[in-house]
Amino acid sequence: EGMAPPQRILFPPEKICMAWQQRQRPGAGLHNLGNTCFLNSVLQCLTYTPPLANYLLSREHSRSCDQQGFCMMCVMEAHVNEVLRISASAIQPWTVVRVLTRIGEHFQHGMQEDAHEFLRYTVDAMQRACLSGSGNLDISSQATTIIHQIFGGFLRSRVTCLSCKAVSDSYEAFLDVPLDIK
């Protein structure tokens, strides 16, 4: 409401399947590779987010990805496919650990980190990967990536003039909302 429609749709919302497309057995667990519990917990949460897992299991991203070098969507696609399709009881998540500094330059293997911060950086990196090569897009078009449609939304700020009663809305995209819970 009140926002301009997207000029370009990057991922059609009707293609997002919120429930598991196929029945999944429990996937492989993750070995701790030295203070990687923050990373493992986030990877487990993302791996078992059905709309994201469905998309990553389809390998649709890697079939069309032309990003040179680091691509967080390709990293997550490889990880989710390994976890959910391998018969091992646990794997070592080296696919993600190797790119820690690409996800966030301050992340270092062997250091304790904050799981929520790692989640935010990971989701942001996936969003950037989905926007890569799309040029300069309007905010509404940026919100049509699969990542923004699963994890994101908009905060609306409304100002009403006390004199003339004119209303002005502004919108800010988000990929997570911190809430104080009492």
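Tutor: Helices (H or I, at least four residues) and strands (E, at least two) are DSSP runs, numbered from the N terminus. This is a predicted model, in which local features need pLDDT of at least 70 and side-chain atom pairs count only at pLDDT 80 or more, while totals for chains, interfaces and linings use all residues. Residues are numbered from 1 along each chain as its sequence is written, and side-chain values use heavy atoms, with hydrogens and water left out.

Student: Is Val 80 buried or exposed?

Tutor: Buried means under 20% relative accessible area, exposed means over 50%, and partly exposed is in between (1.4 Å probe, protein chains only). Val 80 has a relative accessible area of 0%, so Val 80 is buried.

Student: Which residues does Val 80 touch, not counting residues up to four places away in sequence?

Tutor: Contact means heavy atoms within 4.5 Å. With that rule, Val 80 touches Thr 47, Ala 53, Leu 56 and Leu 57. A separation can also be given between C-alpha atoms: those of Val 80 and Leu 46 are separated by 8.6 Å, and these two residues are 34 residues apart along the chain.

Student: How do I describe two helices that pack together?

Tutor: Two packed helices are described by the angle between their axes and the distance between the axes. Axes are lines fitted to C-alpha atoms, for helices over the stretch in contact, and angles run from 0 to 180 degrees between N-to-C directions. Take helix H2 (residues 50-58) and helix H4 (residues 72-85): their axes come within 9 Å and cross at roughly 95 degrees. That angle makes H2 roughly perpendicular to H4. The cut-offs are under 35 degrees for roughly parallel, over 145 for roughly antiparallel, 65 to 115 for roughly perpendicular, and oblique for the rest.

Student: Which residues in H2 and H4 meet?

Tutor: From H2 there are Ala 53, Tyr 55, Leu 56 and Leu 57, and they meet Met 73, Met 76, Glu 77, Val 80, Asn 81, Leu 84 and Arg 85 in H4. By class, this contact has eight nonpolar, one polar and two charged residues. Here Ala, Val, Leu, Ile, Met, Phe, Trp, Tyr, Cys and Pro count as nonpolar, Asp, Glu, Lys and Arg as charged, and the others, Gly among them, as polar.

Student: At what angle do the axes of H1 and H4 cross?

Tutor: The axes of H1 and H4 cross at roughly 80 degrees and come within 10 Å. That makes H1 roughly perpendicular to H4. In the contact, Leu 43, Leu 46 and Thr 47 in H1 meet Met 76, His 79, Val 80, Val 83 and Leu 84 in H4. These residues divide into six nonpolar, two polar and no charged.

Student: Where is Thr 49?

Tutor: Thr 49 is in the loop between helix H1 (37-47) and H2. Thr 49 counts as buried because its relative accessibility is 19%. Not counting residues up to four places away in sequence, Thr 49 touches Ile 150 and Phe 151.

Student: What about charged side chains?

Tutor: Side chains of opposite charge can pair when their charged atoms come close. A salt bridge is a side-chain nitrogen of Lys or Arg within 4 Å of a carboxyl oxygen of Asp or Glu. The structure holds three salt bridges. One of them joins the side chains of Lys 15 and Glu 60 (2.9 Å, N to O). This pair links distant parts of the chain, 45 residues apart: Lys 15 is in the segment before strand S1 (29-30), and Glu 60 is in helix H3 (residues 60-64). Lys 15 counts as partly exposed because its relative accessibility is 43%.

Student: How far apart are the closest N and O atoms of Arg 158 and Asp 169?

Tutor: They are 2.8 Å apart, and the two residues form a salt bridge. Arg 158 is in strand S3 (residues 153-160) and Asp 169 is in strand S4, 11 residues apart.

Student: How many helices and strands does the protein have?

Tutor: The protein has nine helices and four strands. Of its 182 residues, 38% count as buried.
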